Amino acid sequence: MSRDVETGTEWTKPIPRPDGVSAPYWEAAARGELVVQECPQCGHRQFYPRAVCTDCGADPDWLTCCGSGTVHTFTVIRQNHAKPFKEELPYVVAVVELEEGPRMMGNVTGCEPDDVHIGMPVEVYFVSADEGVAVPLWRPRGA
Amino acid sequence: MSDRTPVIAGIGLSDYPVAPDLDSVQHHALAMQRALADCGVKKSDIDAYIGAGGSHQMMVDDPVTMAEYLRIDHRYIDGTMTGGSSFEFHVQHGAAAIKDGICDTILVTYGSDQVSRMGRVLGTGGFTRGAQKVGGPMAYEAPYGNSLVGAYAMAAKRHMHEYGTTSEQLAEIAVGVREFAGLNPHAMYRDPLTVDDVVGSRMIADPLHKLDCCVISDGGGAFIMTTAERAKDLKQPPVYVLGAAGAQTHWNISQMPDYTVTSAAKAGPIAFERAGVAPADIDTIQFYDSFTITALLLLEDLGFAPKGEGGKFVQEGHLKRGGNLPLNTDGGGLSSCHPGMRGIFLIIEAARQLRGQGGEAQVPDAKLALACGSGGWLSCMGAVIMGSEHP
């Protein structure tokens, strides 16, 4: 399922550098798709992308996710000296548990930081960061 | 047959909490001089070196550079780097090497000029730059602007969610450690604290307030390990390494399998089994208190309180001066010093207590101490049980 990819603004934050293993993940993100890895041998699902299944050591395949998850834990960052983050304070950094199982870090945007809570349903969207690279972010589901 | 039971024979601290005239390497060197003077080991007797750097600059104070700089003619070297817990892992490795006869006298050093060189940005943005490219696992975290404080905050938030732990309970840890800092003339902050002071201090990353966070300082330390046999001729009473173990659950915080359980839950039971003692036997604990939540998780994971009941345990007062399990009798990272990787101070303070040299902060009749380091983002935990009596 394809999600929004915002391309209009200049990305001023750290830019992910794809490598031989992760390039398909970042390319999928640039198309508006969130993928994780699934092992064809043992079925284990994992994020972030690796050259091996962390359970059995086999070569993982890709699994396209629905783009929905829930907030597993989070914090509201109220002090950060580094640009450009200090201009965005306060903001939410969360660990989101995907419906498919694996967890990943991301910002929750589109609501007040104080409205974010553990268990909150969220959906992914992407912001283009570089050629062939988009960064997944999260907002309240159905917002 | 000579007695190869591993001991901590000498300890030394460099100058802290702020030493603008010392760089990282000088902290290592000064701490070594003081550890040698403390126990009477001759520098030429050292036949092994262990370190983890401290400045985070290769070719400055990494283990092989320090072994050259200090001119240690070693036949055993270890550079295990697990962050702040490195030195607990070093004790584990050093004890095994001594028992095995690979070496006889190990020097371990650490030094950092963190606050004089970098200021106070370590916890809140010190590692992040703007639109630079980031590879490896950090590619999945760096775009989101998390801070070091934020990583621990996510564990605290989940612990509160699952177990009802409160900010007031976490604050009690900072209050108790501050009382010990008041007894340490070198501690960075010495004025008494209240729970209201902690929960009323500025929020840095919810739910962690400024006073839930450790200080940022300069500092260094060194200790010398040898055999019980050799320690008989030295100036200080030996402190025996009874059991040491380390474990790892993840490195980067987004990979932590359970935000309420650290790898101390694995390392702790191994260390206790090797030492042949139980949590109830321990007289004082020296924990890595990078944040109040770090100490709370270690209390539970090492078996001093059941999982989820660390907050209640803290409120019962066990950890304070005069309690039955005093925590961080030097004032800890929360109030005394935290140059970046604090694990060596835990070993040194545990040894000081077991020698009976704790001064006003001395835990009466301390015979068993547990030092537990935390490295990374609650990632690598190293537990060391030490005793004043030969096992």
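Predicted model: local features only at pLDDT ≥ 70, side-chain atom pairs only at ≥ 80, totals over all residues.
Residues are numbered from 1 along each chain as its sequence is written, and chains are lettered from A, with ligands numbered from 1, in the order in which they are written.

Chain B is assigned domain 1 (6–120 + 218–241) and domain 2 (145–214 + 243–387), the bounds coming from an automatic or database domain assignment. Taken over C-alpha atoms, the centres of these two domains of chain B are separated by 23 Å. Their contact takes 30 residues from domain 1 of chain B and 36 residues from domain 2 of chain B, two residues being in contact if their C-beta atoms, placed from the backbone, lie within 7 Å. On the side of domain 1 of chain B that touches domain 2 of chain B, at least two residues each come from strand S1 (6–13), helix H3 (86–100), strand S4 (106–112), strand S8 (219–227) and strand S9 (239–248) of chain B; helices (H or I, at least four residues) and strands (E, at least two) are DSSP runs, numbered from the N terminus. H3(B) gives the most to this side, with seven residues.

Two packed helices are described by the angle between their axes and the distance between the axes. Helix H5 (residues 148–163) of chain B packs against helix H10 (residues 292–301) of chain B at an angle of about 55 degrees, with the axes 9 Å apart; axes are lines fitted to C-alpha atoms, for helices over the stretch in contact, and angles run from 0 to 180 degrees between N-to-C directions. H5(B) and H10(B) are therefore oblique to each other. The contact is made by Tyr152(B), Ala155(B), Ala156(B) and His159(B) of H5(B) together with Ile293(B), Thr294(B) and Leu297(B) of H10(B).

Between the chains, the contact takes 33 residues from chain A and 33 residues from chain B. Strand S2 (15–16), strand S6 (68–77), strand S7 (91–98) and strand S8 (103–108) of chain A give two or more residues to the side of chain A that touches chain B. S2(A) also pairs in the parallel sense with strand S5 (residues 133–134) of chain B over two bridges, where pairing requires that DSSP finds at least two bridges between the strands. Pro16(A) stands opposite Val134(B) in S5(B).

Notes:
Parallel < 35°, antiparallel > 145°, perpendicular 65-115°, else oblique.
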